[in-house]
Amino acid sequence: MKKISLISFALIISAANAQSPVNAAMFGTMEARALGPGTMSGRITAIDGAVNDEGKTIFIGTAGGGVWKSTNAGASYKPMFDKYCQSIGAVAINQKNPSIVYAGTGESNMRNSVSIGNGLYKTTDGGDNWKKIGLDSTEHISKIVINSENPDIIYVSVPGALWCNSKHRGIYKSSNGGDTWDKIFYIDDQTGCADLLMDPANPNVLFASMWQFRRQPYSFSSGGKTSGLYKSTDAGKTWKEITKGLPAKPFGRIAMALAPIDPKQMFAIVESENTGLYISSDAGETWKSQSAPLNVTARPFYFSTIVVDPKDPKRVYRPSFYFSYSSDGGYSFSEASSDGTWVHSDMHALWINPSNTNVMYVGTDGGLYTSIDKGVTWQFNQGLPVGQFYHVAYDNQEPYNVYGGLQDNGSWMAPSAAPGGIGNGSWSRVGGGDGFWTVPDADGKTVYSEYQGGNVSRVALGTLKSEFIQPQKTAAEKTDKLRWNWNTPIVTGAKNPKNLYIGAQFLYKSTDQGRNWKRISPDLTTDDKKKQKQEDSGGLSEDNTSAENHCTIFTIAESSLDENQIWAGTDDGNLQVSTDGGTVWTNVSANVSKCGIAGQSWVSSIQPSQFDKNTVYATFENHMYGDFKTYLTKSTDMGKTWKRLNSPEFTSFAHKIKEDPENRNLLFLGTEMGLFASIDGGELWFRMKNKMPEYAMVRDIQINPKTHDLIIATHGRGIYILDDIRPISSLTKDILDKDVYLFPTQPLTLNNGKYGWGGTEVQGGWGAGNPPSTPSIDYYLKDRLSSGKAIVEIYDDKGRLVQTMPGTIRKGINKIYWNLRSTPPRVAAGSTKADGAGFTAPMVLPGMYTVKLKIKDKEYSSDIQCVHDAENKDLSLEDRKLVFEKSMLLQTLYNEVNNTIDSITFYQTGLKTDSTAFSKNKNAKTFYDELQKVKGEFMATKKTSIFADEERLREKVSNLYSSVCWKEAKMNTNQLDAIEVLTQDYKTQKDAFSKVVIKNLPKNPQLKKPAGF
Amino acid sequence: MKNINKSLFLGLLLSASSFAAISQTLDEIIAKHTEAVGGKANWNKIKTLKMESVIKAQGAEIHTTTFQVDKKAMRENITLMGMSGFSIITNTEGWEFMPFQGQAKPEAMTADDVKNAQDELNIQDEFMTYAEQGKKIELIGKDDVDGTECFKIKMTDKNGKETTYYIDPSNYYLIKQTNKMKADGKEVENSITYGDYKKVPEGIVYPMSINGGMGEVQIVKLEINPVIEDSVFKLPN
């Protein structure tokens, strides 16, 4: 604690002069919509459940979406880790006190796209609050093992850094619940611990699989002499290597399991020259080889889970490429059924409920599945929106659609708004494989979609029929083959949207939707042959899935000011520009290096300025060489000189820089750990929160210039849309200095919003809602209003009060939504049926209105223009005026009905004032009963159940009133007639009431007439 | 060696003093909060409360009247859309009659709900009574609530109900509380935000704006220590 406070104190001092005048807290009312979806999910890396809770409380760790918790066995999930690193390698519950949970950051499925952690976290209140408790530099954590007898003893299995040598790996132990840590087993700076087991019957007995592994941007190696299987019988003090019966070394990654009920029975999948399944019956001392199907031994570096049933030592589960299970102790395996649903391939985690071993959860590359029949069939959990997008694009439709590709989950599209809001059902798939760039064509009918390695197709929306359009090598290209990045850029022109670009080592351009391509560059990469030996990649198991392809173009940008200005950045450090449409290219990477960016860094994004042809921004990232710094640069001379834009706020490596299309000083930066904004052209930055995970992996950012929406692709939390970001740039210094500022309100179009409701909500899944249907009334408060009220009033042009709304009192931007209506009528009491007219008011007419903001005793005002919705062809301005007139007429009628009901109640109350006298007075009783009879004609008085409807005069007037108030079409004659009928009915009933009064009042001299009657 | 010892010593010193600083901070926060809301003596004098309130939503108004006897009972009457309903909570039972939600007669609250609602019967400020109620209290740190970086304090009662309080460091008023509890096999969470703090003649400072998520409840009239008959908390026949 001491260290943390000293460090943060130091940071505060050093950053004091560089703090942005605005920060995310000021824009807290701007909440991003998480579009999800849960339709397809993302990689699940760790699952643990609380045993004492009938398996209802489950923690889920994800590759890029943090930790989620269910307290109802998976019916719903909540994110619990939104303030921290989103890459999770392990979660473990202290079963003796399940409020204590540990989360190890940094996933350990060591694929090319794996993220990086920043330590181990602990909660003591079931996930509401977390503290980092060390292991900050471990980068990847694969497992947390808690001593079942003394839960203060914790072991952490740390594979450690993937991209470089590191001493921070091996096995770490704490004996005090994580307060302090000792590294108890370490081999060398290339060998970490992949898996760790504890004998539940004897917690001093531990098994460790040590693993030598390394990635480079262009190759992967799993295995080496230092990998091995180890056992300790003294709680980790000493370790001995086990070899008896195991294959010849070197080993790669070893997955292990023991049978909890008979811990001598062990299983290991050992990656070696002959990767295989091994079984031990003597607590790991000796092993024998067991034949096994391909799935059991598949891809050991990526599928490292094998689990034995908690109660049945013969029941063995192997979640791998698909799901296998054995009922005979590993002798033979069967595959899960796909009845009901296909289970997404590539599995990484399995939790079996020990108190009901029929129930289990498996984590895959595509989300979480539940089985209630011992893994035979599975059901998909639709409420975990942890999809791992790489990119996002939007089209010109109204509402616009978003498009994007995901890790192992293809390419998808969804509308940004839809009737009833965005749900799982709003999303539709446009391509398969690993999805990356998914780019709509301006024709509104076409999308370009790809899977890994630049396999791009032109897809017809509507039919999803596709045409493979990847450029092919011709005799003109003097090279062995075209090199396509795993995540190959496909880009349409920012200036000329008919230009379609795709990059191998050469840049290609098409002006006919990819039917024909023209190569417009030489090899733009370093063409370093040492980085092109992908066929040797993988280590002990060959693994070359295009993920290691290198010396390729990674990012492309056409200037929005000049279609001949084209930028291309490569994965091996080259940043190239052409100003003549691709005839002559200039490599400016040497100029970039001068501002301290390593020459081999990937060029992750390029943003030619939309305001100045000579200005360009670029991000670089060097994490594949173990360097996680944030590299953002700007040049104002076409790349000749570069300036680093930096901030103490930045965390982790940069993926994307985006300049606002309207405000040149508004910039957004996405990194592996967060979204950042600057309102002064990049000098000062702040972290965006806005109801997004604060350390979200932000891979891509777009801004729709029509709606001013910020569209964010995260690698683990799906797509976010922050609707209308204009308030962010509106907070100028002048306004920040004021105590209160009422912003001008945009014109309000008079309608009931763009969408109807459509009835029942979508069953289950993830829901994102819609953007607000009308612009908000915004005001700024320098400080929270702790005492006194904030009131927002709307006045018409004659100064008459139209409506009053309570204002919010938060510090920063406050947003109030006016429903464009006047004040609803009062509802007289005494009915047995709720009357909705009390919440319904006529929509105002077009014209100028005034908004008055009252803060304590001060008043601020501005004009609001309400405009007729000219797009609605069913309602002319004249029609609207008639609708308004009739809704006001009906409101008057409704008021009269209620006033009469009040009069009846007045007499009835008067008659019963003296209850003793009332019971003896026959005249009073007669009067009362006759009044009650009349009242029963005015409104529902008998109804006792929502299942027995009763409709009287007030209900009839209310229904007609409400339907006219909500009208978005001209009045029809039927409704006009109905108004006449109800007006006449009212007169009839009122006459009946008058007669009752005239007849009975003289006989009840104790009563007085109500005023105005 | 000497240097190491020196820094170790300095470290220990800092560490000891910073722990002291933290626990003192929580005590300090509670003391300042207590003072800010009118002091313990004034609060202790309050035995009953009656509040008339209004909820305003797009021009419509919902009226409520609340009767409260400290730590014993509470009743809320609510009128909307021409109908009236109520809720009653005592130490032993709870009833709800919300005809606008379709209820035809009063419905009993579950035992868990009654147990979890006991805090609501406490008129006293929680920060002045947590110790006598046997609640554990912890300063978690700071957190943003509506743009204000607040002190975040967690209280846990004997039943495991957790309440997190957020206190504005500029005036030590409570801005928000979040309750998390288990009831009938479910985990339930709700939040209440507070505003419009006003000093009343009896010396306490009371939030005249309370929002439990269903709209802002504005207290129009606050009566302190009115006479409240026991019959108020009985179900009507």
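This briefing walks through a few strands, helices and chain contacts of the structure. Keep in mind that the model is predicted.

- Strand β4 of chain A covers residues 67-70, and both of its faces are covered.
- On one side of β4(A) sit A:Val67 and A:Lys69, on the other A:Trp68 and A:Ser70, and all of these are buried.
- β4(A) has a partner in strand β3 of chain A (residues 58-62), and the two run antiparallel with four bridges between them.
- One of the residues to look for here is A:Lys69 in β4(A), which is the bridge partner of A:Phe59.
- β3(A) and β4(A) form a hairpin with four residues between the strands, and there A:Gly66 has a positive phi near 75 degrees.
- β4(A) also pairs with strand β5 of chain A (residues 78-79), again in the antiparallel sense, this time over two bridges.
- A:Lys69 turns up here as well, with A:Lys78 in β5(A) as its bridge partner.

- Four strands of chain A make an open sheet in the order β27-β28-β29-β30, with antiparallel pairing.
- Its edge strands are β27 (347-352) and β30 (379-380) of chain A, each of which pairs on one side only.
- At the β30(A) end, the neighbour is strand β29 of chain A (residues 367-371), joined to β30(A) by two bridges in the antiparallel sense.
- Across that pairing, A:Tyr369 stands opposite A:Phe380 in β30(A).

**Helix α6 of chain A and its partners**

- Helix α6 of chain A (residues 877-911) packs against helix α9 of chain A (residues 953-965) at an angle of about 160 degrees, and their axes are 9 Å apart.
- Since angles over 145 degrees count as roughly antiparallel, α6(A) and α9(A) are therefore roughly antiparallel to each other.
- The crossing of these two helices, α6(A) and α9(A), is left-handed.
- Among the residues that meet here are A:Leu890, A:Leu893 and A:Val897 from α6(A), and A:Val957, A:Leu960 and A:Val964 from α9(A).
- By class, the residues in the α6(A) and α9(A) contact come to 11 nonpolar, three polar and two charged.
- α6(A) also packs against helix α8 of chain A (residues 922-938), at an angle of about 160 degrees and with the axes 10 Å apart.
- That makes α6(A) and α8(A) roughly antiparallel to each other too, and their crossing is left-handed.
- On the α6(A) side, the residues that meet α8(A) include A:Val897, A:Ile901, A:Ile904 and A:Leu911, while α8(A) brings residues including A:Phe927, A:Leu931 and A:Phe938.
- The α6(A) and α8(A) contact has 11 nonpolar, two polar and one charged residues.

- Chain B has five helices and 13 strands.
- Of the 237 residues in chain B, 26% are buried.
- If you take the contacts in chain B between residues at least 6 apart in sequence, 38% of them join residues at least 24 apart.
- Between the chains, 41 residues of chain A are in contact with 34 residues of chain B.
- On chain A's side, α1 (2-15) and β65 (801-806) each supply at least two residues, and β65(A) gives the most, with four.
- The side of chain A that touches chain B divides into 15 nonpolar, 18 polar and eight charged residues.

Notes. Residues are numbered from 1 along each chain as its sequence is written. Chains are lettered from A and ligands numbered from 1 in the order in which they are written. This is a predicted model: local features need pLDDT of at least 70, side-chain atom pairs count only at pLDDT 80 or more; totals for chains, interfaces and linings use all residues. A residue is buried if 20 or more other C-beta atoms lie within 10 Å of its own, exposed if 12 or fewer, and partly exposed in between; C-beta atoms are placed from the backbone. Two strands pair if DSSP finds at least two bridges between them. Axes are lines fitted to C-alpha atoms, for helices over the stretch in contact, and angles run from 0 to 180 degrees between N-to-C directions. Angles under 35 degrees count as roughly parallel, over 145 as roughly antiparallel, 65 to 115 as roughly perpendicular and the rest as oblique. A crossing is left-handed if the near helix is turned anticlockwise from the far one by less than a right angle, and right-handed if clockwise. Two residues are in contact if their C-beta atoms, placed from the backbone, lie within 7 Å. Ala, Val, Leu, Ile, Met, Phe, Trp, Tyr, Cys and Pro count as nonpolar, Asp, Glu, Lys and Arg as charged, and the others, Gly among them, as polar.
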